[in-house]
Amino acid sequence: MHDSLAVDGRGASGHLDQLFGAVYGGASFGAVELSAGTAYGSMSTGIDRRIAFPGFDEAASSESHGWTAQAFGEAGYRFDLSGRDLGPAALEAAFWQPILGAALIRLHQDDFGEAGGPAALTGLAGSQDLATTTLGVRAAATLAGPLPLEFRGLVGWRHAYGDIVPTAALAFQGGQPFSVAGVPVDRDALVAEAGLALPLGRQSSLGLSYSGQFGKTAADHAISATVTVGF
């Protein structure tokens with residue numbers, strides 16, 4: 001995955017390249033459903049910035065590397081709602097499911113040094129550890145009828161533990177280290193997901209989905225469209 005960023009007002013730009021891999025599995029025991037997995041990703045970041053104020057103008061650039069490791073799991077109890085008549089359509093497959101999920105995340109950043117003059121920074125290596133638990137309800141339904149749409153959704157409460165304020169230890173060349181903090185992760189947040197899929201055949205479908213997280217200090221939103229083709 002490749003992302004780019006730019007802050008024109010400060011003459012700064014950068015890029016982030018990430019490569020992820022994951023292993024995931026699940027099992028059902030009657031109405032009880034369990035799932036778990038782990039993921040690992042490496043990242044490379046490049047930043048170019050300009051430091052300018054009266055009597056001083058300098059450019060600095062850096063390349064840094066790091067990795068992210070995550071373990072996650074979820075348990076749920078499934079209540080079947082299939083076969084209910086809705087008039088022009090019926091619930092061919094439907095359920096609602098209270099869930100409890102948890103995740104452990106470690107983010108590590110290697111040390112780095114900017115190329116530049118006196119304003120260039122040195123970054124010290126460091127790690128951040130974050131854990132979350134999610135308590136919520138998931139639901140899904142497939143309508144049997146002339147337009148066999150598939151719906152799914154999730155609403156829940158997520159609580160965060162650990163290093164909710166990301167920090168980095170920096171130093172000017174030859175100077176004492178100091179700490180800078182990023183945008184904090186909300187300790188408590190509402191999470192929501194909604195998706196709609198239209199089957200095009202036995203192994204193909206069109207999908208549209210939304211996911212969001214709403215906290216006291218920040219909100220995240222994502223909308224995605226997908227085309228799935230099976231072979």
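Is D129 buried or exposed, or does D129 count as partly exposed? The points below take up this question and then the rest of the structure.

1. At 32% relative accessibility, D129 counts as partly exposed, because buried means under 20% relative accessible area, exposed means over 50%, and partly exposed is in between (1.4 Å probe, protein chains only).

2. This is a predicted model, in which local features need pLDDT of at least 70 and side-chain atom pairs count only at pLDDT 80 or more, while totals for chains, interfaces and linings use all residues. Residues are numbered from 1 along each chain as its sequence is written, and side-chain values use heavy atoms, with hydrogens and water left out.

3. The structure holds five salt bridges (a side-chain nitrogen of Lys or Arg within 4 Å of a carboxyl oxygen of Asp or Glu). One of them joins R106 to D129, with the closest N and O atoms 2.6 Å apart. R106 belongs to strand β6 and D129 to strand β9, so the pair ties together parts that are 23 residues apart in sequence. Strands (E, at least two residues) are DSSP runs, numbered from the N terminus. R106 is partly exposed, with a relative accessible area of 36%.

4. A salt bridge also connects E74 and R138, and here the closest N and O atoms are 2.6 Å apart. This pair links distant parts of the chain, with E74 in strand β4 and R138 in strand β9, 64 residues apart. E74 is partly exposed at a relative accessible area of 25%, and R138 is partly exposed at 24%.

5. The side chains of R78 and E33 meet in a further salt bridge (3.3 Å, N to O). Distant parts of the chain are again linked: R78 is in the loop between β4 and β5 (79–80), E33 is in strand β3, and the two are 45 residues apart. R78 is partly exposed, with a relative accessible area of 33%, and E33 counts as partly exposed at 24% relative accessibility.

6. The largest pocket holds about 1,300 Å³ of space. Of the 39 residues that line this pocket, T45, I47, Q109, F112 and A168 are the closest to its centre. On a 1 Å grid over the protein atoms alone, a pocket is an open set of points where a 1.4 Å probe fits, with protein on both sides within 12 Å along at least five of seven lines; lining residues have an atom within 4 Å of a point. Strand β3 (residues 32–53) gives the largest share of the lining, seven residues. By class, the lining has 19 nonpolar, 16 polar and four charged residues.

7. The second largest pocket holds about 610 Å³ of space. It is lined by 26 residues, of which F72, E74, R138, R158 and E193 are the closest to its centre. The lining divides into 10 nonpolar, 11 polar and five charged residues.

8. F29, V32, L34, Y77, F79, W96, V137, V155, L190 and F214 make a nonpolar surface patch of about 840 Å². Such a patch is made of residues with over 30% relative accessible area and no salt bridge, nonpolar side chains (Val, Leu, Ile, Met, Phe, Trp, Tyr) being joined within 5 Å. F214 is placed in strand β14 (residues 204–215) and is partly exposed, with a relative accessible area of 32%.

Terms used:
Patches are made of residues with over 30% relative accessible area and no salt bridge: like charges are joined within 9 Å, nonpolar side chains (Val, Leu, Ile, Met, Phe, Trp, Tyr) within 5 Å. Accessible areas come from the Shrake-Rupley method with a 1.4 Å probe; for residues, only the protein chains shown count as cover. Helices (H or I, at least four residues) and strands (E, at least two) are DSSP runs, numbered from the N terminus. Grid points are joined across faces, edges and corners, and a volume is the space filled by probe spheres set on the points. Ala, Val, Leu, Ile, Met, Phe, Trp, Tyr, Cys and Pro count as nonpolar, Asp, Glu, Lys and Arg as charged, and the others, Gly among them, as polar.
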